[in-house]
Amino acid sequence: MLLRDRVSGMAIALSAMVMLLGAWSIGHAQETNQVKGELKVTILVYSGRPNPTYSLEGEGDIGKVKEFIGKAKKTEFGKDTVVPSILGYNGVVVENVSRVSGLPESLTVYRGNIEARDGRTTFLGDENRDFERFLLQQGIERKVIDTKLLGVLGVKIGTWPTPE
Amino acid sequence: MEGKWVVRTFFLVVLIPLINGCCKRPIYQPAFWNDGGTIQRNNNCYNYGNNKRTDTFAQPGRATGAMYPLPIACVGVYNAAKVDGLEPLTASGTCPKNRCSEQDKVALVVSPVAWFNDYHWYRQDKSNMWSHKPGRTRATDLDNSGNPISSPETANRGLYTDFCGYMCSCSNDQEGNGREKIN
């Protein structure tokens, strides 16, 4: 009787350990995926030439994007896209190329509005154009654009949120 | 003699257009390009101008390995487009037209501004008004001031201030199916 109880207790303890190990490995895998995730950022400036692009990777940069989107409030935009069809600067697109969890398929930001697409379109506010500025500054740091290019396009991120 | 004429006419009017297809002037149908996805994202002003979907953000001259040189200037892009098969046209000229085929007028402009060196194309639609697709954005028949484009020479083109000239493109009345070999 005593032996049977002991064997049964050991079996329960082992099962619990296996379950805990399983849960940890799933969590760890998800965490690893997030770190390995990639967001492709495209700055819409050119009509003919390919636009400047760069990648956001790692928990720091991707976490920052998640933070901006997490804080952004839903808005009624009134049009079906935030991107104007004009020659010149047309905003920044973030494509979730590796399906990072917690972010939609794509985000487009222009002049205080964010268009989030994930099967359907949702509009969010970009207070003080902080998200747009962050994305442009990352582009400058990665040397895919520079302040001179933004300057000729009339994009003065230093003066935001004051209208240009 | 008459037999030769019949054969020649058969080749020119029936067989060649049947193989190559007739050029047709495009109808303004922006919905084809403005899908908010693959087509809109991967087709630029050169694709739209030639009414040819390639999903490659086509570049003048790239299809034949003779892409325009940098820095971008009118002459370089114009010549690269010529290599792609577009035909030069004078400002007052009209594009070739015959029984089967009518080529479409396209216009090239360039931004000569330092730090922002780029080109842009417009196309003339069957209505005789002009339309364009600025990069990844939606195709539109309005200029930067929101006005319909009756002439690309007078339209508000933002920084694309150099007007380079006109060319003829073998377009199609089926959207996205232009016949120029661009890539």
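1. Let's begin with helix α4 of chain B, residues 74–84, where B:V77, B:Y78, B:A80, B:A81 and B:D84 are buried. They span an arc of only 160° around the axis, so they sit on the same side of α4(B). Please keep in mind throughout that this is a predicted model.

2. What lies over that buried side? The cover for the buried residues of α4(B) includes β2, β3 (118–124) and β5 of chain B. After the helix comes B:G85, which has a positive phi, near 115°.

3. Leaving out residues up to four places away in sequence, B:V77 touches B:P60, B:Y68, B:I72, B:L108, B:V110 and B:Y119. B:V77 is also among the residues with the most contacts inside the largest nonpolar core, together with A:V92, A:V94, A:L135 and B:L108. That core has 68 residues, and its largest share, 5 residues, comes from β2(B). As background, nonpolar side chains tend to be buried together in soluble globular proteins.

4. Now for the strands of chain B. Strand β2 (residues 104–111) pairs with β5(B) in the antiparallel sense over 7 bridges, and B:V109 stands opposite B:F163 in β5(B). Strand β1 of chain B (residues 87–89) is joined to β5 (residues 162–169) of chain B by 3 bridges, and these two run antiparallel. In β5(B), B:M167 is the residue opposite B:P88.

5. Over to chain A, which has 4 helices and 6 strands. Along the sequence they follow the pattern α-β-β-α-β-β-β-β-α-α. Of its 164 residues, 33% count as buried. Among chain A contacts between residues at least 6 apart in sequence, 56% join residues at least 24 apart.

6. In chain A, 6 strands make an open sheet with antiparallel pairing, in the order β2-β1-β3-β4-β5-β6. Which strands stand at the edges? They are β2 (53–57) and β6 (120–125) of chain A; each has a single partner strand, so one side of each is left without a neighbour in the sheet. On average, neighbouring strands of this sheet are turned by 20° against each other, direction ignored.

7. Helix α3 (residues 130–141) of chain A lies across β1, β2, β3, β4 and β5 of chain A, and runs at about 90° to β1(A).

8. Finally, where the chains meet, the contact takes 17 residues from chain A and 21 residues from chain B. On the chain A side, the residues that touch chain B divide into 9 nonpolar, 6 polar and 2 charged.

Conventions. Residues numbered from 1 in each chain as written. Chains lettered and ligands numbered in written order. Predicted model: local features only at pLDDT ≥ 70, side-chain atom pairs only at ≥ 80, totals over all residues. Buried ≥ 20, exposed ≤ 12 C-beta atoms within 10 Å, placed from the backbone. Contact = placed C-beta atoms within 7 Å. Nonpolar A, V, L, I, M, F, W, Y, C, P; charged D, E, K, R; others polar. Pairing = 2+ DSSP bridges. Axes fitted to C-alpha atoms, helices over the stretch in contact; angles between N-to-C directions. Core = buried A, V, L, I, M, F, W, Y, C linked by C-beta atoms within 7 Å. Arc of directions from axis to C-beta.
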